[in-house]
Amino acid sequence: MDLGAITKYSALHAKPSGLILQYGTAGFRTKAEHLDHVMFRMGLLAVLRSKQTKSTIGVMVTASHNPEEDNGVKLVDPLGEMLAPSWEEHATCLANAEEQDMQRVLIDISEKEAVNLQQDAFVVIGRDTRPSSEKLSQSVIDGVTVLGGQFHDYGLLTTPQLHYMVYCRNTGGRYGKATIEGYYQKLSKAFVELTKQASCCGDEYRSLKVDCANGIGALKLREMEHYFSQGLSVQLFNDGSKGKLNHLCGADFVKSHQKPPQGMEIKSNERCCSFDGDADRIVYYYHDADGHFHLIDGDKIATLISSFLKELLVEIGESLNIGVVQTAYANGSSTRYLEEVMKVPVYCTKTGVKHLHHKAQEFDIGVYFEANGHGTALFSTAVEMKIKQSAEQLEDKKRKAAKMLENIIDLFNQVADRRVISTTNAERQAVTPPGLQEAINDLVKKYKLSRAFVRPSGTEDVVRVYAEADSQESADHLAHEVSLAVFQLAGGIGERPQPGF
Ligand code: 16G
Ligand code: MG
């Protein structure tokens with residue numbers, strides 16, 4: 001390590017003294033102007049992780065669904081997965097070290113993790129479309145180069161694309177080519193193959209309106225469109241040409257407001273979907289003939305996929321074990337449907353893809369989705385082959401899928417320090433502050449088929465309040481009452497929470 005050079009460059013990316021940040025649910029996230037030093041240091045850390053694993057490591061500059069003024073960074077491990085938990089701790093230590101302690105922390109990490117400093121390092125970098133992202137990714141590159149790492153800057157990418165690049169590079173191209181064309185070819189080929197066997201093939205089944213949250217999804221889908229030829233016709237909305245990123249649009253907006261994004265006209269039964277700012281979430285929706293809005297969120301997508309796979313396994317006589325992983329945000333009726341009707345075991349983990357992914361790996365077929373639209377299905381190549389053969393039944397299975405209640409509300413609450421709230425049982429129960437869980441329990445008892453929980457956000461400075469009940473009105477009231485309890489018991493600041501209805 002050239003300590004002299006590190007000190008010199010670090011001073012150019014100086015840490016504002018006293019600023020403390022946490023590697024949260026999906027990396028660091030805060031106002032973009034506070035992140036320069038974090039980016040530089042994550043460049044350094046990515047080099048150490050690359051040397052230790054003898055693999056390519058990814059760095060993604062994005063703050064996903066957060067407002068445009070925010071930014072963030074996350075590291076991607078060799079198999080395209082989220083950074084290992086012990087390295088998240090290193091990331092937090094390194095980001096928070098004051099200038100004069102930074103070198104020592106860097107050396108400590110290398111020693112603790114037995115990093116061979118002579119080993120080569122390679123880092124790939126991607127970024128979203130935020131105005132701050134280009135400069136911040138340059139700071140990552142500064143960190144990589146000062147530690148002698150090689151890098152490839154992919155520039156603008158969606159988060160899933162960066163994960164793909166890392167995986168391809170570490171598997172010798174067996175999974176696909178680590179280029180943007182490679183990504184489009186692989187995905188479009190799979191899509192065309194799957195859908196050409198579908199029984200419904202009219203034009204209305206091939207068109208999709210896509211709300212791109214004014215983010216990177218627009219640029220990338222526009223590039224990818226050509227690869228579908230006749231297989232899919234997409235119409236893009238909120239493509240970033242005028243509106244603000246994630247503002248009144250995008251998957252988070254549609255899911256939490258249960259209505260279409262601004263800037264998209266929907267006729268009845270048109271197929272529509274929304275990405276979030278870095279295009280790693282998707283939710284689908286449509287208006288029925290009576291103009292009612294229907295959302296196919298992560299819960300329903302998980303139900304559709306797992307019902308399809310479960311029935312397929314029965315048909316092909318395979319007794320593979322299949323499990324669905326959700327978080328506390330999953331609508332209770334989706335969990336009941338999966339367990340009681342589909343007879344699929346359901347597991348609940350903490351919020352964040354890394355937790356769900358980890359659990360889903362325990363099954364032959366693991367389907368995981370967060371209600372907000374992050375998710376996928378994991379299975380081996382052997383299982384995949386069998387599934388492909390039976391793909392013609394897809395549309396049929398879809399029609400049989402669940403009809404579920406949607407009485408959800410997700411409110412936000414500002415408190416002096418959101419860390420006063422700690423949780424257990426996959427974030428479904430509050431441990432502190434004292435009395436909060438008891439207060440929630442009492443409120444929940446007042447409503448039928450109800451459930452509520454609170455947790456500190458891992459991406460924003462708020463406490464999230466979740467409530468569900470047998471009607472929208474009850475869910476709204478319960479959410480408001482719970483948010484008042486949080487305000488009183490957890491040191492609420494500013495105005496008392498107002499009803500969100
Ligand atoms: C991040 C997570 C997402 C989670 C969300 C929760 C990834 C890739 N993303 O976007 O899974 O649902 O944070 O945000 O893990 P919150 O902690 O602010 O509620
Ligand atoms: Mg995202």
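I start with Thr349, which lies in strand S12, residues 346–349. Helices here are DSSP runs of H or I with at least four residues, strands are runs of E with at least two, and both are numbered from the N terminus. Before going further, this is a predicted model: local features need pLDDT of at least 70, side-chain atom pairs count only at pLDDT 80 or more, and totals for chains, interfaces and linings use all residues. Residues are numbered from 1 along each chain as its sequence is written, chains are lettered from A and ligands numbered from 1 in the order in which they are written, and side-chain values use heavy atoms, with hydrogens and water left out.

Is Thr349 buried or exposed? Its relative accessibility is 11%, so Thr349 counts as buried. Buried means under 20% relative accessible area, exposed means over 50%, and partly exposed is in between, with a 1.4 Å probe and protein chains only. Leaving aside neighbours within four places in sequence, Thr349 is in contact with Val325, Gln326, Thr327, Ala328, His355, Leu356, Lys359 and Ala426. Contact means heavy atoms within 4.5 Å. The C-alpha atoms of Thr349 and Glu427 are separated by 8.0 Å, and these two residues are 78 apart along the chain.

Next is Val344, in the loop between H11 and S12. Val344 is buried, at 2% relative accessible area. Not counting residues up to four places away in sequence, Val344 touches Lys310, Ile322, Gly323, Val324, Leu338 and Glu339. From Val344 to Gly323 is 21 residues in sequence and 6.2 Å in space, C-alpha to C-alpha.

Now H11 itself, residues 332–341, whose axis comes within 10 Å of that of helix H10, residues 298–315, and crosses it at roughly 10°. Axes are lines fitted to C-alpha atoms, for helices over the stretch in contact, and angles run from 0 to 180 degrees between N-to-C directions. H10 and H11 are therefore roughly parallel to each other. Angles under 35 degrees count as roughly parallel, over 145 as roughly antiparallel, 65 to 115 as roughly perpendicular, and the rest as oblique. H10 contributes Asp299, Thr303, Ser306 and Ser307 to the contact, and H11 contributes Ser334, Tyr337 and Leu338.

A second pair is helix H2, residues 36–53, and helix H5, residues 133–146, which pack at about 40° with their axes 7 Å apart. H2 and H5 are therefore oblique to each other. Among the residues making this contact are Met39 and Phe40 of H2 and Leu136 and Val140 of H5.

H2 also meets helix H3, residues 85–96: their axes come within 9 Å and cross at roughly 140°. This contact includes Leu45 and Leu48 of H2 and Trp87 and Leu94 of H3.

Last, the metal. Which residues coordinate the magnesium ion, ligand 2? They are Ser64 through OG, and Asp276, Asp278 and Asp280 through OD, at 2.0 to 2.2 Å. Ser64 is in the loop between strand S2 (56–61) and strand S3 (70–76), and Asp278 is in the loop between strand S8 (272–275) and strand S9 (282–287), so the pair ties together parts 214 residues apart in sequence. Donors are N, O and S atoms within 2.8 Å of the metal, or 3.2 Å for Na, K and Ca; water is not among the atoms, so sites may look incomplete. Both Ser64 and Asp278 are buried. Along the chain, the donors follow the spacing S-x211-D-x1-D-x1-D.
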